[in-house]
Amino acid sequence: MTTKKAKKPKTSAKTKKAKRSVLGIFGRFFLLASIWGSICLGIIILWFAQDLPDLNRLQTNVRTPSITIQTLDGTVINTYGDVFEEMVRIQDLPAHVPQALMAVEDRRFYYHFGVDFIGLIRAAYENYRAKRVVQGGSTLTQQLAKNLLFTEGAFEVSDRSYKRKVLEVLLSVWLEWKFTKDDILTMYLNRVYLGAGTYGIEAAAQRYFNKSARELSVFEAAVIAGLLKAPSRYSPSSNPEKAKERAKTVLQLMLEAGFIQDIQSHLNEGMHILASNKQESSFKYFCDWVMDLIPNFVNGMDRDLIVVTTLDPSMQRHADHVCIDYIKDMGEKLKTSQLALLAMSPDGAVRAMIGGQDYKKSQFNRVTQALRQPGSTFKMFIFHAAMEDGMSPEDMIDDSPVVIGNWRPSNYTYKSRGEISLREAFARSVNCIPIRLMLKLTPKKVIEAARKLGITSPMQEHMSLSLGAIETTLLDLTAAFGTYANHGRAVWPYGILEIRDKEGNILYRREEQPTQMIMKPEILEKMRDLLRSVVSQGSGRTANVSSTVMGKTGSNGDRDAWFISMREPIENDIGFQNLVLGVWTGNDNNKDMAKQSTGSNLPTKVAAAFYRGVEQYDGPNKPPKKTTEKNIKQEIVHDKKLPPKKDAVDEFLEDFG
């Protein structure tokens with residue numbers, strides 16, 4: 001039996017026509033939708049693109065004035081403003097410099113078109129696993145785009161709007177289309193913020209390592225790349241240990257990316273680098289003072305400046321070390337919280353300045369800004385006026401207590417003996433003597449003497465002036481004392497040697513000019529005799545580390561304690577010499593210190609430790625390495641100008657230790 005196949009129903013021409021009509025409608029719809037969608041997308045892009053920065057300006061730095069403070073040997077001790085340096089191209093840098101950056105921020109930089117979808121997915125996965133944001137997905141191109149939008153003022157730094165993110169993506173794609181990968185990396189490296197006011201790899205290399213970015217080692221490149229996460233936290237200047245830990249992480253990422261072969265060799269190099277590039281915060285007191293002086297020498301600060309200063313970094317570090325040690329060791333016992341120190345050359349060049357115990361907590365400079373009562377240190381102006389009036393250190397004077405109406409000033413520990421020499425009165429800071437001298441001389445003559453030596457503070461013609469009832473700064477008081485070290489010539493403190501711009505044009509240079517002679521040689525000799533007696537056997541004997549140390553102690557009740565001194569050079573003498581030194585201690589809130597917190601206590605001990613220098617300083621309250629008790633006793637006993645107090649040697653040795 002033959003089975004017939006069922007015939008397929010024929011599709012009518014009408015049905016085929018209907019199908020083609022439907023397909024045509026959909027085709028036309030999608031075509032029109034695509035066209036209109038493209039038009040709308042184009043309009044949106046054009047609308048957003050109105051806020052895009054001018055691409056023709058992207059390869060130039062937007063430079064703002066910066067000020068770099070450095071020492072005579074070129075050591076950078078601080079920077080102010082936004083610091084830019086010359087633009088360096090990626091081709092001029094060692095390969096490990098951009099590699100460190102890519103290892104941290106964008107390992108697939110050369111394999112995406114500005115937006116890395118693989119990186120976004122990976123970052124989302126890692127953040128999901130950690131249940132917090134631990135990884136970002138933005139590329140270096142996107143970061144450059146964001147930087148450009150911010151610096152061009154299109155958005156605030158805190159802006160997180162969708163418009164900013166859309167513009168960031170559009171600009172990233174645009175950058176990739178217009179520039180090569182090397183161009184983009186060059187622009188990024190020259191614009192990125194790297195802490196301490198520095199922008200760009202060259203500025204950071206100069207700031208942190210005092211070298212060009214072209215000379216950066218692998219470890220140094222890792223340190224700088226590590227700054228991108230948190231510039232302040234990982235700064236090699238202020239946080240070297242954290243900088244090292246962050247650099248270790250960067251080196252690990254470089255190893256994983258195949259950019260380096262090992263980590264340990266680069267870490268070993270880093271131990272020395274970070275130790276030698278740490279910036280002590282105590283330098284900033286001096287730098288702030290210098291910043292205030294700059295307008296006196298240049299008209300306007302509308303360009304990048306380099307300021308060469310008088311500071312001695314090794315002396316500054318030693319002073320900081322000594323002050324920190326002594327305030328920790330004695331501060332609580334003496335109920336004092338602040339210690340300030342100023343060291344200058346006899347001509348007024350400031351070599352070290354400690355404006356307080358912690359710059360991070362307080363930027364108030366107790367050397368230049370704090371107005372305090374000098375107490376007995378002011379007596380040197382009274383005795384100076386007496387020497388000018390014809391008196392001499394050997395002259396005898398009544399040491400009995402003085403009573404003027406209801407005013408009965410007392411002495412700290414001194415007991416009246418009838419008559420004493422002016423030398424002994426000055427050495428032991430006997431209060432009744434300067435009062436009697438002022439009665440003889442008149443307050444007006446004393447004020448004239450103080451003004452001549454450089455005290456600029458207001459002074460009233462009143463008898464309380466005899467005990468230092470004025471307010472002055474440690475800077476002024478030390479400079480006035482410096483006249484005795486500067487052979488009788490006036491001393492004006494200075495910290496700036498030269499100011500130049502980045503092109504090397506000299507805007508200011510200090511010229512050596514002889515200052516005015518303000519005292520006669522015989523007056524200078526008499527005053528140096530008196531000042532030496534204070535240290536050899538008087539209230540400043542704790543600072544008697546050399547036969548050339550001279551000075552004057554002072555106390556204002558229990559609120560201020562001072563020691564102003566100098567040390568002249570002598571052959572085979574070890575330590576810091578040919579200096580004028582001022583030391584002050586007290587509390588910012590004028591809270592009383594302990595009763596024994598006189599100028600002969602903490603200030604003289606700090607001065608002794610400072611003068612001994614790095615070689616002999618072995619910590620607070622320890623004898624110097626190269627000075628013996630025998631030498632000390634001989635120096636005291638053989639000074640015949642001043643009759644020794646009972647047990648003077650034992651008391652000196654106790655203070656000395």
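Predicted model: local features only at pLDDT ≥ 70, side-chain atom pairs only at ≥ 80, totals over all residues.
**Entry 1: a tyrosine pair**

I began with Y193, which is partly exposed at a relative accessible area of 34%. Residues are numbered from 1 along each chain as its sequence is written, and side-chain values use heavy atoms, without hydrogens and water.

How many aromatic pairs does the structure hold? I found 9. In one of them, Y193 and Y199 are tilted, at 5.0 Å centre to centre with 55 degrees between the planes. Rings of Phe, Tyr and Trp (its six-membered ring) pair if their centres lie within 6.5 Å; planes under 30 degrees apart are stacked, over 60 edge-to-face, and the rest tilted. Y199 is also partly exposed, with a relative accessible area of 22%.

**Entry 2: other rings**

I recorded one aromatic cluster formed by F576, F610 and Y611. I then looked up charges over rings, which require NZ of Lys or CZ of Arg within 6 Å of the ring centre and within 35 degrees of the ring normal. The charged end of K181 sits over the ring of F109, 4.6 Å from its centre. For K552 over the ring of F426, the distance to the centre is 5.6 Å.

**Entry 3: the sheet**

In what order do the 5 strands of the open sheet lie? I read β2-β1-β3-β8-β9, with mixed pairing. The edge strands, β2 (76-81) and β9 (506-509), each pair on one side only. Strands (E, at least two residues) and helices (H or I, at least four) are DSSP runs numbered from the N terminus, and two strands pair if DSSP finds at least two bridges between them. Strands of a sheet pair through backbone hydrogen bonds, either parallel or antiparallel.

I saw both senses here. Strands β1 (residues 66-70) and β3 (residues 305-309) run parallel and are joined by 4 bridges; T68 stands opposite I306 in β3. Strands β8 and β9 are antiparallel over 3 bridges, and I499 stands opposite Y508 in β9. Their hairpin has 4 residues between the strands, and G504 takes a positive phi near 95 degrees.

**Entry 4: a helix across the sheet**

Helix α11 (residues 283-293) lies across β1, β2, β3 and β8 (496-501), at about 50 degrees to β2. Contact means heavy atoms within 4.5 Å; axes are lines fitted to C-alpha atoms, for helices over the stretch in contact, with angles from 0 to 180 degrees between N-to-C directions.

Methods. Buried < 20%, exposed > 50% of the residue type's maximum accessible area, 1.4 Å probe, protein only.
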